[in-house]
Amino acid sequence: MITGIMREDTTIAVKEKKNQAMAELLRTRTEPVRSYELVIIYRPELTPEKVDAGIAHVTGLVTGSGGTIGAVDMWGKRKLAYPIKHQAEGIYVLLKFTAVSSLLKKINGDLRISEDVLRHMAVAPEA
């Protein structure tokens, strides 16, 4: 009976040691930094301040994680090729930046749940 408990404790201790080793490996892993181009289409009725706040959020995420912003290009209000969320126009913004790939998931998640964004797409241009 006592030996069974000791084996279980030993098994748990071994699993915890493996988990700590894996956590340390993941913490020390370095992700490659890549260049990305991100196009965001905001709702056409947004004020310039709201659009700027949205851009500031994305640029803050990039610079906060050690990335760099290459360019922010405001394309302005343009007609959409097809209606998106009952909108015929949108405010286009192009951002060029470098960041680690895990940050792109965070940016995509934030833009996906934002009610101000009609559509967005990030691509990694070939070097």
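Biologist: Is aspartate 116 buried, partly exposed or exposed?
Modeller: This is a predicted model. Relative accessibility for aspartate 116 is 22%. Buried needs under 20%, and exposed needs over 50%. So the class for aspartate 116 is partly exposed.

Biologist: Which side chain does aspartate 116 meet in a salt bridge?
Modeller: Side chains of opposite charge can pair when their charged atoms come close. The N to O distance here is 3.6 Å, and the cut-off is within 4 Å. The partner is lysine 50.

Biologist: How many residues apart are aspartate 116 and lysine 50?
Modeller: Aspartate 116 sits in the loop between helix H3 (101–113) and strand E4 (117–123). Lysine 50 belongs to helix H2 (residues 48–64). The pair therefore links distant parts of the chain, and the separation is 66 residues.

Biologist: Which helix holds both aspartate 110 and lysine 106?
Modeller: These two form a salt bridge, with closest N and O atoms 3.2 Å apart. They are 4 residues apart, about one turn of the helix. Both lie in helix H3.

Biologist: What is the relative accessibility of arginine 43?
Modeller: Arginine 43 meets glutamate 45 in a salt bridge, 3.9 Å from N to O. Arginine 43 counts as buried, a class that requires under 20%. Its value is 19%.

How values were computed. Residues are numbered from 1 along each chain as its sequence is written. This is a predicted model: local features need pLDDT of at least 70, side-chain atom pairs count only at pLDDT 80 or more; totals for chains, interfaces and linings use all residues. Side-chain values use heavy atoms; hydrogens and water are left out. Buried means under 20% relative accessible area, exposed over 50%, partly exposed in between (1.4 Å probe, protein chains only). Helices (H or I, at least four residues) and strands (E, at least two) are DSSP runs, numbered from the N terminus.
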